[in-house]
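Reader: Please show me the model, and then let us go through how its chains meet.

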Amino acid sequence: MKPVMVVGGGISGIQAALDLADQGIKVYLVEKTPSIGGRMAQLDKTFPTLDCSSCILTPKMVEVARHENIEILAYSEVLEINGEAGNFKVKVRKKPRYVDVTKCTGCGVCMKYCPSKVPDEFNLGLSERKAIYIPFPQAIPLKATIDAEHCLWFQKNICRNCEKFCPAKAIDYEQKPEDIELNVAAIIFATGYELIADHSLLTDQYGYGRYANVYTNLEFERLVSATGPTGGEILRRSDGRKPKNIAFIQCVCSRDIRMNPNCSSICCMASVKEGILVREHHPDIEVTIFYMDLRAFGKGYQEFYDRAKEEFGIRFVRSKPATIVENPETKNLILYYEDTHASRYKAEEFEMVVLAVGVKPVVPDSFVPIGEDMFAQVKDPYLDPVASPKPGIYVIGMLNSPKDIPDSVIQGSAAAMKASILACKS
Amino acid sequence: MSSEEVKVEGACPTDEVRIGVYVCHCGLNIAGVINVKEVVEYAQKLPNVVSAKEYIFMCSAPGQDLIREDIKKCKLNRVVIAACGPEMHEPTFRAVLEEAGLNPYVLEMVSIREGSSWVHYEDPEAATEKAKDMVRMAVARARNLEPLEKMSGEVKQRALIVGGGIAGLASALDLAERGFEVHIVEKKPVLGGHAARMGQLNVEGRKVSGKDLVDYLVKKVKDNPNVHIYTNAEVTKVDGSIGNFTITVKLKPRYVNDKCTSCGKCVEVCPVTAPNEYEYGIGERKAIFLPFEGAYPNQYVIDPETCTFCGKCVEVCPEGAINLDEKEKEITLEVGGIILATGHDPYEPPVGEYGYGLSPKVITLHQLKRLLSEDGPTKGELVIDGKRPRNIVFISCVGSLGTTPNANQYCSRMCCSASLLEALHIKEKYPDAQVFFVHKDVRTYGKDENLYWKAIDNLVKFVRFEESPKVTVGKGEVKVEVEESTIQERLVIPADLVVLVTGMEPPKEIEELRSLFKVGCGGDGFLKEAHLKLNPVESLTGGIYLAGTATGPKSIAESIVAGSAAAAKAASLLSKDTIEVEPIVAVVDEDKCSGCGICVSICPYGAISLEKKEDGTRVSKVDPMLCQGCGTCGAACPSAAIQQNSYKDKQIIPQILAVFER
Amino acid sequence: MSDGDGFEPTIVVFACHWCTYQAINLAGTSRMKYPPNVRVIRVMCSGRVDPQFVIEAFKNGADGVLVAGCHPGDCHYVNGNMKTMRRTVMLEKLLQDMGIEKERFRREWISAAEAKKWVEVVTEMVEQVRKLGPLKLAEREVVMNE
Amino acid sequence: MSKPKVALYWCASCGGCEEATVDLTERLFDLVEAVDIVFWPIAMDFKREDLEKMEDGSIDIAIINGGIRFEEHEEMVKLLRRKSKIVIAYGSCAHLGGIPGLANAYPREEILKFAYEEAPTVINQDRVRPMKKTTVDGMEFELPDFLEYLKPLDEVIDVDYYIPGCPPTPDLTWEAVSKLLSGEIPPKGHVFGSDKSLCHECPLNETKPDEIKLEELKRPHQVVLDRSKCYLTQGVLCMGPVTRGGCEALCIKGGMPCTGCFGPLEGVYNQGAKALSFLASVIDIEDEEKYREMLEKLGFDPIGWFFRYSLAKGMIYRKKGDGE
């Protein structure tokens, strides 16, 4: 049996890796960032069960780390793919961490003494990390990484504090990128998604980046998270005060012919969940969700939506606000929208606005064909919905199409099944 | 005997039991409500506790390290973890114990998160007190926990797939191609389920029919030597457990054997008719019939429910393929894993709901699909009451979202897309038709949004309601009245055809299914997955996996993916020679057992038997591979001679007493 | 605990792993609120609940005891809950004959999906027992064998 | 060398235990030969003062039957405990409370009221009740008071061994006494009799099928028992499975199901509850309504059925000082 490669260490890739490894097949799990975990690690809770995201994800991550058939290649990237189904030769670059992972214990002392502060990607820039860092407490592998772009030693040849204070003597500024070639039977791409945050609509129409109290939904997720920058307190960027009311705007950069005609599948329920989390912790904060159609389509979703309305008193307004204007004094936000019931335009002031921004896949370079809709093409949308048109290559999770966690997990398992057939034949 | 004595019995002497207690913050999930420090300090004072510590995430790598180091440093022989419940992390921490050289079964997990911080967040003081009580109870139980030897059983490398619909076929094909032997048991006389009758599909520009998909899978499945297909068959008994199930299957008589050439002479003479369930009630079939053209097996069948056994068909059959005396047969299958791909039923509106059953002009979406199918009763021509309908009104959420008193509360997920697909189909075929889509929310999620755009481009008229619409059936006339909620206007649409967009329901046999296979159902009545998010194709019962719409509404593509996913789970099991099973089985103390036989009488698995000893007396004997660890024998044993490992009297009673040792 | 207004009863709950314990978890993940007076003992099947456990609980200070398992027909272990049914029906009468008010002992079927029912049952039971006050039993001075 | 000193005493009991001692018949002579009976009020003229005069610990074995229901019982057993090296609780009443222990289902006041006023055979228009202090002809008498409830012996004094039974069989009594006299001392708290339940030695055990499933229950008077077949399988409650063996299955041989007088086995801490549990387990009815109806029709009386001898032990009570 030949090994299989999984590219992307989010929940979909993790599931694929586990289901292959459990069948006795060797798996290389390639992850671009220093830790596996993906987007799910950034979420506070998950809908509709309100399970704490890290609580259900961490065991899977630990299982991956412990599995004898899985080799994690974190902080690594695929450079080249040659060969064919059943016999791929994949060149992978292991980026230098400048930390000897065999010595690093993940104690975090280096992070304490590093003087260079960088916006923290895990918290979407809502807080700062150091130039040497561990992305989050449950990271796997739990090893420090030096971000050379911001490290004073690499930039200005000064400091070397981490080296001085590292109790394990694990710092190695001399590390070089290391390229390895792996022979695998199949490759599963699970490269995940990012928000469509680069469109002018966000700044021009909704003032994101211009108005302090406008957030994206992922930012807000970090804001309500206990492990987030505020320890779970909802505080405004402008004045650090708890808002009296919050508006969620759905379908920002989704279902919009200008940049993304697709529905992003997850944002309706994510906002409902975030609304519930707000109401649960702060019953005094009013929550309004502006939506077009509330897409509570999954198992238990409609029931969750019903509870949001009835039990948690969240207000749902069927309208898509056209503009947001900031009150320069209070930094409150005035939303202009059409009240369809009254057939007229309305302006309403909110102290915080969360934009449910649509998603686009993170595309793995030229390795998989991409369709007009930005997502990876599939061989057969019915009979083989996880197979790329290129034989032996599979595309799952958000790369495949917009989808929620259960569907990503199911695709992970399904791709593992398909790849295992190839692995066993070769 | 006093409870005090029981408490002491079997416990290790005080100086031998060394317990470590680890309290998790779970970020703020626990620490945000419970005063963790206070709990830790409290735990330190409990008898036998030699170490008590807290950490932000006990399940994280550093948290696990902390426990491992402590076990070694403090020479612990029992571990209590106060965090979440055992479902998620018991395997994690058992591994930690093993890595530190401890037996994995001296672990006790106590859920102060689900059991306290998450439910008593409004009263942190009470939550903290409760957490202390829970820790004390856990310590009392842990004190008497015993190391257990792991047990393993053989895995039979074969799978049973219940249901030969699209998901079951996908699972079967994957497993067979992976090299495993597969048995498909289908209740109906033919494979294909609902998908085979779905008519034309069109996603991402690819036009196929449901039947094309089924045909493709059926062909591959039947040509694969690893696959055994039993149609017209039902599972009647399930014995054993993960890795080693014994399945009894009833093979119902078809009365027609494979000499049948489908010539159809029998149908002509058959005097009995019944509504054609394969056309969702459109038209009729005979008692002897072919479910649909090109079905597999492509062979006639007699429905014994409607057949009068008059024998006319036997007389005319040129091949002598009909045997009315055919008897039911029974076979047994030995399999390691089971995939339940038992599907769904379409919601059937009661007569009168939106005029259903009162006029031929009111039909369900399933019926519409049959009418538009080239292999359907009208060969794809949409003709209602002898005429081609012009005004066609789709009413969505029939049987879903609580729109009518009879409706389910949940959303059926794919009906919006499915009806827009048909709306476009109609528009393409009959461009002059007026199509109204009367809906609550349009839930064309993900890439299906494309259908919504196309429907708008093709001038499908969208009408939104909050109050359910009213359908009035007059003399040959049908009207749909609806309060359009966006523009707030009352619309009256005269309809030549009303299509009720019906949702999916758990199949009628769901009750029998779940008691047969010992799987649970959720609030919506569909089969329940082990974890809604992270274990969506596994049941809570080991070795039983769930595919397709068995767990809830899904599209065809989603069902196929779920079929493959369930196959992956089964493949993980079947690729092993042995499987570890929980050793929480019953054990007998022969010195106490008097052979009264009470346990033998009540064991649901026949795992206990009476064995004659040399002196002629009898004692109970447990077969640990058959025992599933329910412990009911322990509750009944009049001599306290049979006990369930990890749930012995001496482990539970101290836990009860500890509640009050405040 | 003492008599009077401030009385907070302690209810001991025996819950089966597959149904009621899952419902309790679900109540947790759904952040449903219920009174903190319950102390849950998890067993694999309600059929494991020995009537002796219930008696020990009452004897040692429980103000109420709840035995909860899967609905009839749903038992993970075929018919463990049917044994529970038969035992608890008998036990109900025994406890009443021993002078324990019937509200203090309850048997409920709560499926894994019925978090709401769990909350309702315990809320109601705590309320009823709170009204009854502490369980009054004959007090005995016991000189045990040392 | 002086012979071992033995004392015998009875508290609240029917006298059957005393008879059981006499039932030793010829072996009684051997006993008298082997020991000095220093105190046995029912057979010989001993007074309390005689006992008081003895040195503490001078009696080798005190055999006490009956439960503790009067102040006098309490005083006397405490005194005996002081004077004796070994105390044996003899018979079901001393061991578990026995039949008199069934009175614990009722409060003292209710019992007195019934016994002196309400019982249909009582004529007591003045409602006279025994008084603790009474003056008769100017002389003041003090009577021992009737306690709140009946206690098994070990709830009043420390007990070394138990000889169970209602009454204990002569063989068991002889075996126990001779064992102790021969110096073969079992661990403290030992209950004489078998270590296994009655089923183990029951002559009908052979006839029992491997599986017992009862479609209905019957009371013993409602059925003519087939004396060659396990009684439980005939639908009547036999306490055999939940009762210590060692009684020679006398009742079974006499055509009656076991009623449980030998008490529970080691590890069972509530004989009645356990009896309830095993019986409920083997009834083959899954419809709750039907099941309730059946019990109703039978006049289901759990205390009477399952706790005939062990109510004083098995009753739910709270230890004094527990819980405020």
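Reader: How many residue pairs are in polar contact between chain A and chain B?

Author: This is a predicted model, where local features need pLDDT of at least 70, side-chain atom pairs count only at pLDDT 80 or more, and totals for chains, interfaces and linings use all residues. Residues are numbered from 1 along each chain as written, chains are lettered from A and ligands numbered from 1 in the order written, and side-chain values use heavy atoms, without hydrogens and water. A polar contact is a pair of N or O atoms within 3.5 Å; within protein, one must be able to donate a hydrogen and the other to accept it, and residues adjacent in sequence count only if both atoms are side-chain atoms. With both residues at pLDDT 80 or more, the count between chain A and chain B is 29 residue pairs.

Reader: How many salt bridges are there between chain A and chain B?

Author: A salt bridge puts a side-chain nitrogen of Lys or Arg within 4 Å of a carboxyl oxygen of Asp or Glu. R66(A) and E99(B) form one, at 3.0 Å from N to O. Between chain A and chain B the count is nine.

Reader: What is the area buried between chain A and chain B?

Author: Buried area is the accessible area (1.4 Å probe) that two parts lose on being put together, summed over both. Carbon and sulfur atoms give 60% of it here. The total is about 6,400 Å².
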